[in-house]
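Please look through the sequence and the model shown here, and then follow the paragraphs below from one part of the chain to the next.

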Amino acid sequence: MTLIGTSVKRVEDKRFLTGKGRYTDDIKLPGMTYVCFVRSPHAHAEIKSVDISKAGNMPGVVKIYTGADLTEVNGVPTGWQVNFKNGDTMREPKHPLLVANKARHVGDAVAMVIAETYAQAKDAAEMVFVDYNPIPAVTNPQQAAKADAPKVHDEFADNLVFDWALGNDKAEVDRAIENSHHVTSLEFINQRLVPNAIEPRSAIGHYEEQIDKYTLYTSTQNPHLTRLLLCAFVLGIPEHKVRVVGPDVGGGFGSKIFHYTEEALVTWASHQLKRPVKWTAERRESFLTDAHGRDHVTKAELGLDAEGNFTALRVKTYANMGAYLSTFAPAVPTYLHGTLLQGLYTTPLIHVEVDAVFTHTNAVDAYRGAGRPEATYLLERLVDTAALEMDIDPAELRFKNFIEAFDGVEQAGYQTQVALQYDSGNYHPVLQKALEMVGYEEFRNEQAIQSNGKLLGIGFSTYIEACGIAPSAVVGALGARAGLFESAQVRVQPTGKVSVYSGSHSHGQGHETTFAQIVADRFGIPIEDVDIVHGDSDAVAFGMGTYGSRSLAVGGSAIVRSMDKIIEKGTKIAAHLLEANPDDLEFANGKWTVKGTDKSVGFGDVSLTAYVPHNYPEGLEPGLDFSSFYDPANFTYPFGAHIAIVEIDKETGKVTLKRFIAVDDVGNVINPMIVDGQIHGGLAQGIGQALHEGTIYSEDGQLINGTYLDYVMPRADDLPSFEIDRTVTPCPHNPLGVKGAGEAGCIGSTPAVVNAVMDALKSYGIHDIEMPVTSEKVWNIINANS
């Protein structure tokens, strides 16, 4: 029986469910010290002085560092460069490990208190006196772009990080919009979100003087990139002297991709003290310092002809970067957002402009979906609104404008107006299947006769995303300061057991199961005979981590490349043992067989022979161990259709999500159960943005809802039982035919829910509502328009 396409239970879950997981904060080292940071309570303030005298005499205090101690240490760099439209380099200020003269957001670290216990460090931190001079701050990106806005970085003339444009000639797009029969226009905020991974960030620096070796244990999605940035840009340590270990990681959603100041600080401090130094965030710190997501202010216009065909799309976005540039921040509103504005549609003319700005807020970077949810929300809100304004059924309007099917082989990939070329797609069936699942005609009939004081609404969303970010040459030309390949080493042991060393790093995706399925299926061995190793820069030669739904499409493909090399060499060994020509052998079901005969030799026998080469091909080196680096030819492009049904109580404004249908196409599926879980999780997060989540900043830059008492997360009883299905359109350019599933649910669900709310409220004459769609907002709309 093939293991590909089989719902194998996750092998890693046994240790998690029995409390055997090992997270960074679980690690205890001899002589460990503990960190508590003194963080700015002001969004923008001059630091006049830092008095550590009382704190330094507190019980258990080992050392206190301030910004003055690190002025010669480099700051944390960004890993992506986007230039201004005129070709000038983007503005890239230093992101200091500890600020010395000015705090630029609430939570900016001013001092690092190290003590024998965390409680002692926290007590001492409360005795550090910082003399601040608060000055005006700005948090809204559109306001920050104004010439008279408070400046975040004094060395620049204003707060603009870069301006950027993509697509067709702007004048041509302007003319097309002006000459369109109908123009739908929306101005909206895609609100800022807090990632809220279940495991707070944690980091331990351990310098061993006797061997001159550093080890950084950190809750990261990206151990090797962290090592690269730490060594090459921040501390200047030779890479061979630094080991970065990402143990079990309790979720990330993008927020643990990046290299953070705390990682560099504990590494640096451990060298100063010659002792291990540990920091684990409290939840309030996580709210303030984990890289946030989204935060776009956008105006979008869609032109249509009299029949409802799209004629042009024009977009202007102000993207909030926060006070400093995080690792991939510049890529999110540009190459992960602007390049996806074709959607599934044949829109012939598109122009997008992005102004990225600094504000006095925490840094913004990739959060599940990373630019793709923002692009999809923009498009799908426009399409549903256009359908309402032109009195066209929203499903019919989408069908009318869909790109026709193409497989990327017989029919070339689809070239968009915004740089990308889609790999393969068949968009009509996903929406058609979703309509059948929801019972669309029956629902419209029910909606028409609803008379119980409740309002019913249905909302649609179709989406496409770019996953498996690559190839390196392309992303390099787009500004990436790193390659985006992946590596994998496959080592067959003498007994036929297999160890796989992957540069992809799991933080909940099930790599230890899915990767083992691929290997066991290909080699014809039990899945229990496969061991997956990841998350350790000393064990794995190199890797680019896990994000952008790239693990299987890029990391899995690297494993396949190494397995191909194993089988090729194994064929030579098997041919020698069988006294046959290698061309006459075929490998299947765990053995090499001479074609047309019953003569065969098993995988285990060949493995043993490779390491005990007594009867062995002349000139062939022993061993069965290969590494590969896989750099894809293109992104992969999953797509899908989501439908939400909501019910609104007119008396209270409460929105109840009654049904949610998701039909996704993620290419070939290795483990359906794991894919379903990924879709479910993404749906919950996307629905959370639509109805519940969103940061609230005061005018002076305080995060007002920075605790779970105030920041609303989706709960189980907020969600219906999801109805999901799939179509399968294989990716034509990777050996597994996979496209990626980790972010799909988060991308398509948000606009579907908001569109459903707008459908329910259409009799009230409004065309938009600000997310999150709370009961209070809905109640106010109903009462204001009754």
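The side chains of Asp 248 and Arg 15 meet in a salt bridge, with N and O 2.7 Å apart; the term stands for a side-chain nitrogen of Lys or Arg within 4 Å of a carboxyl oxygen of Asp or Glu. Asp 248 lies in the loop between β11 (242–245) and α7 (261–273), whereas Arg 15 belongs to helix α1 (residues 13–17), so the pair ties together parts that are 233 residues apart in sequence. Helices (H or I, at least four residues) and strands (E, at least two) are DSSP runs, numbered from the N terminus. Asp 248 counts as buried, at 12% relative accessibility, while Arg 15, at 23%, counts as partly exposed; buried means under 20% relative accessible area, exposed over 50%, and partly exposed in between, with a 1.4 Å probe and protein chains only.

This is a predicted model, in which local features need pLDDT of at least 70 and side-chain atom pairs count only at pLDDT 80 or more, while totals for chains, interfaces and linings use all residues. Residues are numbered from 1 along each chain as its sequence is written, and side-chain values use heavy atoms, with hydrogens and water left out.

A search of the whole structure finds 39 salt bridges. One of them joins Glu 199 to Lys 256, the closest N and O atoms being 3.0 Å apart. Glu 199 sits in the loop between β8 (182–190) and β9 (202–208) and Lys 256 in the loop between β11 and α7, so that this pair links parts of the chain 57 residues apart. Both Glu 199 and Lys 256 are buried. Salt bridges that share partners also join Arg 39, Arg 201, Glu 262, Glu 285 and Asp 290 into one network.

Most residues other than glycine have a negative phi, and most peptide bonds are trans. Asn 196, in the loop between β8 and β9, has a positive phi of about 60 degrees although it is not a glycine, and Phe 253, in the loop between β11 and α7, has a positive phi near 55 degrees. Elsewhere, the peptide bond from Met 771 to Pro 772 is cis, with omega near -5 degrees, and Pro 772 is found in the loop between α18 and α19 (775–784).

Which residues of helix α12 (residues 440–448) are buried? They are Tyr 440, Phe 443 and Gln 447, and, seen down the axis of α12, the buried residues fall within an arc of 60 degrees (taken from the directions from the helix axis to the C-beta atoms), so they line one face of the helix. On the other side of α12, Glu 441, Glu 442 and Ala 448 are exposed. The cover over the buried residues of α12 includes α10 (394–401), α11 (427–438), β18 (454–464), β26 (639–649) and α18 (744–760).

The largest nonpolar core has 154 residues, and Phe 660 and Leu 761 have the most contacts inside it; such a core is a set of buried Ala, Val, Leu, Ile, Met, Phe, Trp, Tyr and Cys residues joined through side-chain atoms within 4.5 Å. Apart from it lies another core, of 44 residues, among them Val 490, Ile 532, Leu 578 and Ala 610. Leaving aside neighbours within four places in sequence, Leu 761 is in contact (heavy atoms within 4.5 Å) with residues including Leu 455, Ile 648 and Val 778.
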